[in-house]
Amino acid sequence: MKHRTLGIGTALLAATAAGTLAMAPAAHAVDPTTATLSFDCGSFGSGEATLTATQDGTAATISLSTSAITSPFTISANSVTSTLTLTKNGSGTTTFTGNANPEIPAGGAVSTGPLNGTVATGDSLEATSLTVVVFGITATCNATSPQNPGPFVF
């Protein structure tokens, strides 16, 4: 009798666990998580940028590193203000903003982020421009290539 009770209890526990897993919300993930594109930053230079995206529900972040802008002097951490503009679903635009950055050595490529934004399930975002402000100096960069391997889909 004990074995039969144990078997029924185990079956009920397994069914309950399966039901709980089926009712859990699906995890959100951005795809791809990393993309590259080229920027032209006018007199500041041009070059490739690497973007890395993450998502947590409707909150998303994008970190960016680009050889298009190099620093002529050391820039301390969290002193770069950046705005990344992206096309949203092929028509509108959205922005990701922030002032987080690692320390950037003299001659180093500019890295910024995480830049914060809001997304909805199914949003397709592709970078079009970047504005970076350091010590009151503004560099505006325009994308000269599409994101590779493609837009971020949240």
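# Covalent link, backbone features and contacts in a predicted model

A disulfide joins Cys41 to Cys141, with an S to S distance of 2.0 Å. The structure is a predicted model, and the count of disulfides in it comes to one. The link of Cys41 and Cys141 is right-handed, with 110° about the S-S bond. This pair connects distant parts of the chain: Cys41 belongs to the loop between β1 (34-40) and β2 (46-56), whereas Cys141 belongs to strand β8 (residues 137-143), 100 residues apart. Both Cys41 and Cys141 are buried.

## Backbone geometry

Two cis peptide bonds may be described next, each with a proline as the second residue. Asp31 and Pro32 are joined by a cis peptide bond whose omega is about -5°. Pro32 is placed in the loop between α1 (2-23) and β1. The peptide bond from Asn148 to Pro149 is also cis, and its omega is near 20°. Pro149 lies in the loop between β8 and β9 (152-153).

Positive phi values occur at Asn78 and Phe135, neither of which is a glycine. For Asn78 the angle is about 60°, and this residue sits in the loop between β3 (59-70) and β4 (80-88). For Phe135 phi is near 50°, and the residue is located in the loop between β7 (124-134) and β8.

## Aromatic pairing

The count of aromatic pairs comes to two. One of them is formed by Phe73 and Phe135; this pair is tilted, with 5.7 Å centre to centre and 40° between the planes. The pair links distant parts of the chain, since Phe73 is in the loop between β3 and β4 and Phe135 is in the loop between β7 and β8, 62 residues apart. Phe135 is exposed, because its relative accessible area of 53% is over the 50% limit. Phe73 has a relative accessible area of 38% and is therefore partly exposed.

## Salt bridge

Side chains of opposite charge can pair when their charged atoms come close. In this model the count of salt bridges comes to one. The side chains of Lys88 and Asp123 form the salt bridge, at 3.9 Å from N to O. Distant parts of the chain are linked by this pair, with Lys88 in strand β4 and Asp123 in the loop between β6 (109-118) and β7, 35 residues apart. Which of the classes, buried or partly exposed, applies to Lys88? Lys88 counts as partly exposed because its relative accessibility is 28%. Asp123, by contrast, counts as buried because its relative accessibility is 6%.

## Loop residues and their contacts

Ser71 is found in the loop between β3 and β4. Its relative accessible area is 3%, so Ser71 is buried. Apart from neighbours within four places in sequence, Ser71 is in contact with Ile104, Pro105, Ala106, Gly107 and Gly108.

Ile104 is situated in the loop between β5 (92-98) and β6. With a relative accessible area of 2%, Ile104 is buried. Again leaving aside neighbours within four places in sequence, the contacts of Ile104 include Ser71, Phe73, Thr74, Ile75 and Val80. Ala109, Val110 and Ser111 are also among the residues in contact with Ile104. Phe73 thus takes part both in a contact with Ile104 and in the tilted aromatic pair with Phe135. The C-alpha atoms of Ile104 and Asn78 are separated by 10.0 Å, the two residues being 26 residues apart along the chain.

Thr58 lies in the loop between β2 and β3. Is Thr58 buried or exposed? Thr58 is exposed, because its relative accessible area of 52% is over the 50% limit. Not counting residues up to four places away in sequence, Thr58 touches Gly117, Thr118 and Val119. Thr58 and Gly117 are 59 residues apart along the chain, and their C-alpha atoms are separated by 8.5 Å.

## Accessibility of selected residues

The table collects values for residues discussed above.

| Residue | Relative accessible area | Class |
|---|---|---|
| Ser71 | 3% | buried |
| Phe73 | 38% | partly exposed |
| Lys88 | 28% | partly exposed |
| Ile104 | 2% | buried |
| Asp123 | 6% | buried |
| Phe135 | 53% | exposed |

Conventions: Residues are numbered from 1 along each chain as its sequence is written. This is a predicted model: local features need pLDDT of at least 70, side-chain atom pairs count only at pLDDT 80 or more; totals for chains, interfaces and linings use all residues. Side-chain values use heavy atoms; hydrogens and water are left out. A disulfide is a pair of cysteine sulfur atoms within 2.5 Å. Helices (H or I, at least four residues) and strands (E, at least two) are DSSP runs, numbered from the N terminus. Buried means under 20% relative accessible area, exposed over 50%, partly exposed in between (1.4 Å probe, protein chains only). Contact means heavy atoms within 4.5 Å. Rings of Phe, Tyr and Trp (its six-membered ring) pair if their centres lie within 6.5 Å; planes under 30 degrees apart count as stacked, over 60 as edge-to-face and the rest as tilted. A salt bridge is a side-chain nitrogen of Lys or Arg within 4 Å of a carboxyl oxygen of Asp or Glu.
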